[in-house]
Amino acid sequence: SLGDIPSGEDTMLSPRFLTSLLALILAGHWHSHFAEGHQVLSSKAALDRMAGDETQEQKQLHGASNALPEKVLLGYANWCECDNKIVEAVENGVNVVVWFNTNLKKSEKDSKPFVESCTDLKCVGKVAQTLRVKQLHTVHLMSIGGWNSPHPNTEFSGSEWFEAWNKWNRETAAQPEYGFNGFDGIDWDIEGNDNATSPFNKISLETMDLVGEMSQAAKRTGYIVAMAPAQSYLTVASKDYSLELTHQPVAQWQQLDFPYHGRNTYAYLLAKYGSQTFDLVTVQLYEGWSTANYNITQLDQRPSSYVSKLVSKMHTGWEVAFPRLGSQLVSVENTKVIIGLANGWAKESSGKFLFVGGQDLRKAYTQPPSESAKPRGFGFWNIGDEGKSDIFLTKQLNSFLNTRSD
């Protein structure tokens, strides 16, 4: 207890320590140093370490050495992508990179939790170093999941998975030779599968609880936690809830070639584990035959107006009828909402996937009808396709977000 700590210049009650403690709390690192049951450091050496620069081990302990920027321009790397296009995207405006992807599997070798990744992690370290040398502050998240990807193995708990992921991040993903201490957090992207009979066209309740528990553990340790639901997985257009991902769209599309919509599947995470667990919620308006697509292209709503109404409704909240939790008001603060877009690849989809240019969204950010209608920022899939159909979405969005200046 504090009563057991002696007073004096080099003790935990010294101004130097209290200043360091306040800095840790403000930086969001209180949990990683204290709340997880770590022994309180009282030796002079330990205090000096806390008051000065953090060691490599300490940085890797809490993970999130980069704070989220006030204005977010989030770009997803393409599958397994690590190349100079990442650097170019950051130079052009991206300030949060979501690398793609990882899967949480049971190892065939030793039956232990195994983090599978197709990304060249040494390359990630080099890219992070390049961005740092260029003084381009960038948050690096790692995605878990993706379309056609296996869902996390539920033989292990969320806490066990966080322990495994944190170890992987510190010991495998981190590239100390390039000054890269690992990813700043995770982005949940658990989705469906093209195979209609796949078991992964349902997100089991066990999987949802694994996600929630792992997210809470990550958040406590100082990591950034984000999610990227397809629009139907978190839809203000319906109060229905389902774990199945084989529904037809809510909107009255004539096309029935994409029966892979959800019904507020991700809303369960917000209702049970709290919106405070998640720092960013990227709503994929580019889901196949999405509600946003219908309203903008079929009902002729202006993109900026639609986005403002969507963000406002998410902020205010909407009722979702959960079988076990009962009817609840689910909400996402506007300061956490990221509008998920597609870049040039969507223009080649014959209308199935919504494309909206940055110029059509400017007003939603610069002149929202109310402060609660203003999103935190915008994101897009994907960096590798920048320039396709001569569309450079990063530059378009940066023209009004001003996340990077010339």
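Of the 406 residues in the protein chain, 56% count as buried. The model shown here is a predicted one, and its secondary structure comes to 13 helices and 13 strands. Among contacts between residues at least 6 apart in sequence, 76% join residues at least 24 apart.

Before the details are read, the confidence of the prediction deserves attention. The chain averages a pLDDT of 88, and 83% of the residues score at least 70. Residues 1-65 are another matter: pLDDT stays under 50 there. For this stretch the model has 84 contacts beyond four places in sequence. Where pLDDT is low, the predicted coordinates should not be read in detail.

The interior comes next. In soluble globular proteins, nonpolar side chains tend to be buried together. In this model, the largest nonpolar core has 88 residues. Those that touch the most other members are Trp99, Trp165, Phe183, Trp188, Met214, Ile339 and Phe378. Helix 8, which spans residues 205-220, gives the most to this core, with seven residues. Another core lies apart from it and has 18 residues, including Leu74, Val139, Leu141 and Ile224.

The buried residues are Thr291, Ala292, Asn293, Tyr294, Asn295 and Ile296. Against which element do they pack? The buried residues of helix 10 pack against helix 11, which covers 303-316. Helix 10 is followed by Asp300, whose phi is positive, near 60 degrees.

Empty space within the model can also be examined. Rolling a probe the size of a water molecule over the atoms shows where empty space is left. A search of the whole structure finds one cavity of 30 Å³ or more, and the largest cavity holds about 40 Å³ of space. Thr291, already named among the buried residues of helix 10, also lines this cavity, together with Gln231, Ser232, Thr235, Val250, His261 and Glu287. By class, the cavity lining has one nonpolar, five polar and one charged residues.

The largest pocket has a volume of about 440 Å³. It is lined by 20 residues, and the closest to its centre are Trp147, Glu191, Gln284, Tyr286 and Trp381. The lining of the largest pocket divides into 13 nonpolar, four polar and three charged residues.

The second largest pocket contains about 370 Å³ of space. Its lining has 13 residues, of which Lys112, Pro113, Phe114, Ala164 and Lys167 lie nearest its centre. Which elements each supply at least two residues of this lining? They are strand 3 (113-117) and helix 7 (158-173). Helix 7 gives the most to the lining of the second largest pocket, with seven residues. By class, the lining of the second largest pocket divides into five nonpolar, two polar and six charged residues.

Terms used
Residues numbered from 1 in each chain as written. Predicted model: local features only at pLDDT ≥ 70, side-chain atom pairs only at ≥ 80, totals over all residues. Heavy atoms only, no water. Buried < 20%, exposed > 50% of the residue type's maximum accessible area, 1.4 Å probe, protein only. Helix = DSSP H or I, 4+ residues; strand = E, 2+ residues; numbered from the N terminus. Contact = heavy atoms within 4.5 Å. Core = buried A, V, L, I, M, F, W, Y, C linked by side-chain atoms within 4.5 Å. 1 Å grid on protein atoms, 1.4 Å probe; cavity = no way out; pocket = protein on both sides within 12 Å on 5 of 7 lines; lining within 4 Å. Points joined across faces, edges and corners; volume = space filled by probe spheres on them. Nonpolar A, V, L, I, M, F, W, Y, C, P; charged D, E, K, R; others polar. pLDDT = per-residue confidence, 0-100.
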